[in-house]
Amino acid sequence: MQLRGLVAAVVLSTAVLVAAHSDTGPLNSELQWGTYRPNLYFGTRPRLPNSLLSGLMWFGLDDQRNWQKIRHSCELGDNLSEYGYSRHNGRDFGEQTMRDNDQGVEIKSTFIKVPGQLGGSWAVRFTGRTLNEDTQGVSLVYYFGLEGNGTLSTSVKDDVAMVRGRTPDLGKFRIRIVPAHSNQLPAVPEDLRNIGGIHGGRISGVGLKVPKTDVWKAKDAFQDVLLESAQTRVRAMAKHAQGSGIHGSLLFGLNNAGLRKKGTNLFFAQMIVHGEFAFDVIYECADKTSRIDSEAIDAIASNRRKEFDARFESSFNLREKEFSDAQVEMARNALSSLIGGIGYFHGSGLVSSNPKPEYGQEDSSEAKLSEPYSLFATTPSRPFFPRGFLWDEGFHQLVLRQWDSDLSLEIIRSWFGTMDGNGWMAREQILGDEARSKVPREFQVQYPDFANPPTILFAVEAMAEQLLARGMTRSMDDALQAGGAMEEGVCDEQCLLQSKLDSLVPYTSRLLVFFQKSQAADSVDGSMSPSKAGYRWRGRTENHTLTSGLDDYPRASVPSTGELHVDLYSWVAYMARLNAELSPTVGDAELESHLEMLDKIHWNEQENMYCDVTTGIREDYDELEDEDEGLERVFVCHRGYVSLFPMLLGLVPPDSKKLGHILSMIEDPEELWTEFGVRSLSKRDEFYGQGENYWRGPIWININYLILSSLHRNYMGVEGPYQEQARSIYTRLRDNLIANVFEQYQSSRFFWEQYNPEDGTGQRTHPFTGWTTLIVLVMAEKY
């Protein structure tokens, strides 16, 4: 294979590899600070464990109960009418708008960074307005908290809140929180003015000392302080009020308490505003070349906004494809919100030391907290899934690598860094108490025999194809000559790409071995008899196969250790193909064997489709093993996403009659086709729209992307009996997807987890700016 020769041709020196992949290199320093707390409406942190956190909070003052509804972490129940990034380059610029009708405020954040030592300096400018002229105002709060060792000293003077600090990893730093001089306080009734003990300036603050492990609970700590302060203030107002009642802007203010308290590790700055407002938060490292002037923030942001727009067009060419301004804006917001969902997570996860018992077997395994570790990852949804998911990550990286391949590589390497010696990675990364607070207990434990679709290899495959495309323009002698230059510590662009790919190849091999051993049909050790060849997802329950990624998609009605899952075998065959392409010593025999067995086990000639298979169907759910070797295999056929996987992953030859049957299934309106996208389960299936109805009909963008990608890469450009059919389906499906996602975005200002197959309406979690952002690649036709 061409890839094999290219991969083998370049041998990097140790010095070049270290320079390309060192964790202390310039790339990591540039990415040290960021908006890496995606679970918050706005928050920052460095990619360092137990370090300095910051975040924004707000609440309206008209309703005295609003202090219990403080906005902080992204929550579906907050009912914000809009939030999400309109531009974010992943490195030194990001801006978003948050519109909260219930609390009566609109806030825009503009984040910038300036390079320097120890991660450099950064600033965020908040601008906005209250939405009602008659409101008593809005309380805006910005805080900093120190999770680890270090010191903070705080003060409020001359309408500026100041924090000076030092930590072992950040060194010395200075923070200023500066409200605009034009900010207006809410109007206060005359009888309540000048009450002693009630602060009336533009900014006030409070410092606290809390357990380091509780810094992430900043909202709870602030509510405690607010309640205590309000109880004191309400008594003072009651003495002076002459019919005015209680005024929220006075009731819920701070009194500059605890600012000089020794050991302070949590500081809140509060601004109470009415009308238009602005304030800056400026973090400056000790590097004097990284100073940030408030007056320069707008100019820096303006330049980076222009750079972003120009780069976006050069990356995706959407205007060249004649998309409208509104469609380009939607795509730009999709990419930016995916990037704005990047987070840094650190902590321990709950991991079982043993495989999870199956089907009625007593669970004697004990989950323990792992050693703390870190993960740099994108997130599917800031309010509902604000953590790393292995199944989702690979799709996210398809989008991100088109924008910033080095940033994408950082995330991929971070994921591979969590892989154990067996090739296992936890499918859901729930690290630390903050992450666990968002997940029900029954879903927190990760099991060492649970796999997940290895979509993260999509990015590795794309990198290899990119290298092949570039390598084809150069002779092998040129590549070897480049190798000679590398021995002197010089590495050109192709050499760097080669080094990145080389660093990932061992993980792809290890992942394949893990699947072959842990998901083998008959045993955990991977031994396989001819009569029981195939693969089975571990983690099956009566109604769900969460490990497959397609949670409630219909499988065998009675779960059995005799099940064989066609989507899982497709993933194994896909990995075998990629491994053969990347590794010079691996031949094609294993891949050919897998493809032959995939068809032999899972193709149903009567139904003309790929199906799951089960054996030993019995009425008892407690069945553990199929002891009778003579039990008949039974096809479990449900037309839908699972039956498409061999085609989705390009495992079906373009001249195969099987492809014709699959394409006909896709474009049949009584089966999978809708004018909004391809539905997840056939309209004719008995389980269509039933039960939880998660993967039993709704349209998912990630699988629709795989359909389009496979048609584009494997079938519509290859001569064969189904070329025109493939091209026709591609064109119509692409048009339908773009039109519906755009229509739903225009009407709601959100991207959705899934779309209704009957009317196209966006549904379930929102904003869902994970794999739904693949719509950008669909528009750009980048597969």
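**Figure 1. Contacts across the whole chain.** Take the contacts between residues at least 6 apart in sequence: 70% of them join residues at least 24 apart. This is a predicted model, and its secondary structure comes to 20 helices and 28 strands. Of the 783 residues in the chain, 60% count as buried.

**Figure 2. The disulfide between C611 and C637.** Searching the whole structure turns up one disulfide. It joins C611 to C637, with the two sulfur atoms 2.0 Å apart. The link of C611 and C637 is right-handed, with 100° about the S-S bond. Where do the two cysteines sit? C611 is in the loop between β22 (609-610) and β23 (612-615), while C637 is in the loop between β24 (633-636) and α16, so the pair ties together parts that are 26 residues apart in sequence. C611 is buried, at a relative accessible area of 1%. C637, on the other hand, counts as partly exposed, because its relative accessibility is 24% and buried means under 20%.

**Figure 3. Helix α16, tucked inside.** Helix α16 covers residues 641-648, and eight of its eight residues are buried, so the helix is largely enclosed by the rest of the structure. Going along the helix, the buried residues are Y641, V642, S643, L644, F645, P646, M647 and L648. After α16 comes G650, which has a positive phi, near 70°.

**Figure 4. Helix α19 from end to end.** With 26 residues, helix α19 runs over residues 723-748. How far does α19 reach from its first C-alpha to its last? The span is 38 Å, close to the 38 Å expected at 1.5 Å a residue. As a reminder about helices in general, an α-helix has 3.6 residues a turn, so residues three or four places apart point the same way. Following α19 is R749, and its phi is positive, near 65°.

**Figure 5. G660 and its surroundings.** G660 belongs to helix α17, which covers residues 657-666. At 8% relative accessibility, G660 counts as buried. Leaving out residues up to four places away in sequence, which ones does G660 touch? They are Y722 and Q725. A726 is 66 residues from G660 in sequence, yet the two are 9.1 Å apart in space, C-alpha to C-alpha.

**Figure 6. A218 and the residues it meets.** A218 lies in helix α4, residues 218-240. A218 counts as buried, with 0% relative accessibility. Setting aside residues up to four places away in sequence, A218 touches Y143, L266 and F268. Y143 is 75 residues away along the chain, and its C-alpha is separated from that of A218 by 8.0 Å.

**Figure 7. Aromatic pairs, with two picked out.** How many aromatic pairs does a search of the whole structure find? There are 49. One of them brings together Y41 and W58: the ring centres are 5.2 Å apart and the planes are at 50°, so this pair is tilted. The pair links distant parts of the chain, 17 residues apart, with Y41 in the loop between β1 (33-34) and β2 (43-46) and W58 in strand β3, residues 52-60. Y41 and W58 are both buried. For F514 and F515, the ring centres are 6.0 Å apart and the planes are at 90°, so that pair is edge-to-face. F514 is buried, as is F515.

**Figure 8. Charged ends sitting over rings.** Now for a look at tryptophan rings with a charge above them. R311 has its charged end over the ring of W403, at 3.8 Å from the ring's centre. K658 has its charged end over the ring of W603, and here the distance to the centre is 5.4 Å.

Methods: Residues numbered from 1 in each chain as written. Predicted model: local features only at pLDDT ≥ 70, side-chain atom pairs only at ≥ 80, totals over all residues. Heavy atoms only, no water. Buried < 20%, exposed > 50% of the residue type's maximum accessible area, 1.4 Å probe, protein only. Helix = DSSP H or I, 4+ residues; strand = E, 2+ residues; numbered from the N terminus. Expected span 1.5 Å × (residues − 1). Disulfide = S-S within 2.5 Å. Phe/Tyr/Trp six-rings, centres within 6.5 Å; stacked < 30°, edge-to-face > 60°. Lys NZ or Arg CZ within 6 Å of the ring centre and 35° of its normal. Contact = heavy atoms within 4.5 Å.
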